[in-house]
Amino acid sequence: MNSTKENKTNQIIDDKINNGYELDLGNIIDNSIEIYKKIVWKAGLGYFMIFGIIILIAMTISLSLIEGSNLEEFKEISQDPNYFYKNPTILAWFIIGGLIINILFIPLNAGFLNLCRLARTNQEFSTANIFDYYKSKYLKDLIIGSLLIAIVTTVLTTVLDMSNLKIVSFVIQISFALFTFLFLPLVIYGNQSFGNAIKKSIQLVMKSPFTILGAMIIGILFILVGLIGLCIGILFTIPFYSCVIYTLYESIIGFENETIN
């Protein structure tokens, strides 16, 4: 039964890649807002907890670094934006740290996405559902695919930044974010391997890049509204981005039924 369902999903994805699809940006945003209203408090609480832990860890590491070096060196690090590029060892540790954070966060991103699915189908959910994908069969593909995207993006943008091509670096970052926009839902809902999810995300986005880019930009702008009010509000506007990703997948590929097994 699962094999038949997966084959049907693959056929739908391939059909959309070959024949294209239609998107209405207004409907995407409207549906995203409806889902967001249902998940905002529980998802926001999840982000509040997660970022609280991150801040504690960051403060602990920062204090240990200050104690381990003189204040003048720490001041130089904080004031010179190119300091990391001048110190390969520090740059390497900085990149490794970023990749580790990426590994820890990718199952959380999938969990936030699934809150949207549960809310959309009127199922009960809680903040605990955010952590569901740490024990999922999709964990390996989520981590490997996310790491590949992060490594390629980081290497390219770092080289460009070191060459003072910051505008090109920014365009590269946006491009990678755009063309891998559907990576997560293709893995957890489309049952795609990490390689197929990346490839098919690129192929699907190429069919309607400007509408998807528009939805992505609106999602980012909505998040930035959360900076009003001591910046704490951003923890409750970030979930909207997951709503946009979910709604786009639902609009492009859809689901065979409205329940989750």
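This is a predicted model: local features need pLDDT of at least 70, side-chain atom pairs count only at pLDDT 80 or more; totals for chains, interfaces and linings use all residues.

Student: OK, and which residues are buried in α9?

Tutor: Those are Ala197, Ile198, Lys200, Ser201, Leu204 and Val205.

Student: What about the length of helix α10, what span should its 17 residues have?

Tutor: At 1.5 Å a residue, α10 (residues 209-225) should span 24 Å, and its end C-alpha atoms are 25 Å apart, so that agrees. Its buried residues are Ile212, Gly214, Ala215, Met216, Gly219 and Ile223.

Student: Now packing. At what angle do α6 and α7 pack?

Tutor: About 165°, with their axes 8 Å apart. Here α6 covers residues 139-162 and α7 covers residues 166-179. Angles over 145 degrees count as roughly antiparallel, so α6 and α7 are roughly antiparallel to each other.

Student: And is the crossing of α6 and α7 right-handed or left-handed?

Tutor: Right-handed.

Student: Which residues meet there?

Tutor: From α6 you have Val152, Thr153, Leu156, Thr157, Leu160 and Asp161, and they meet Lys166, Val168, Ser169, Ile172, Gln173 and Phe176 of α7. By class, that contact has six nonpolar, four polar and two charged residues.

Student: How do α7 and α10 cross, then?

Tutor: Their axes come within 10 Å and cross at roughly 105°. An angle of 65 to 115 degrees counts as roughly perpendicular, so that is the label for α7 and α10. On the α7 side the contact is made by Ile174, Ala177 and Leu178, and on the α10 side by Pro209, Ile212, Leu213 and Met216.

Student: What classes are the residues in the contact of α7 with α10?

Tutor: Seven are nonpolar, with no polar and no charged residues. Met216 and Ile212, which take part in this contact, are also among the buried residues of α10.

Student: Switching topic: what's the phi of asparagine 122?

Tutor: It's near 60°, a positive value in a residue other than glycine. Asparagine 122 is in the loop between α5 (88-120) and α6.

Student: Is asparagine 122 buried or exposed?

Tutor: Exposed, because its relative accessibility is 64% and the cut-off for exposed is over 50%.

Student: And where is asparagine 191 found?

Tutor: In the loop between α8 (183-188) and α9. Asparagine 191 has a relative accessible area of 27%, so it counts as partly exposed.

Technical notes. Residues are numbered from 1 along each chain as its sequence is written. Side-chain values use heavy atoms; hydrogens and water are left out. Axes are lines fitted to C-alpha atoms, for helices over the stretch in contact, and angles run from 0 to 180 degrees between N-to-C directions. Helices (H or I, at least four residues) and strands (E, at least two) are DSSP runs, numbered from the N terminus. Angles under 35 degrees count as roughly parallel, over 145 as roughly antiparallel, 65 to 115 as roughly perpendicular and the rest as oblique. A crossing is left-handed if the near helix is turned anticlockwise from the far one by less than a right angle, and right-handed if clockwise. Contact means heavy atoms within 4.5 Å. Ala, Val, Leu, Ile, Met, Phe, Trp, Tyr, Cys and Pro count as nonpolar, Asp, Glu, Lys and Arg as charged, and the others, Gly among them, as polar. Buried means under 20% relative accessible area, exposed over 50%, partly exposed in between (1.4 Å probe, protein chains only). The expected span of a helix is 1.5 Å times one less than its number of residues.
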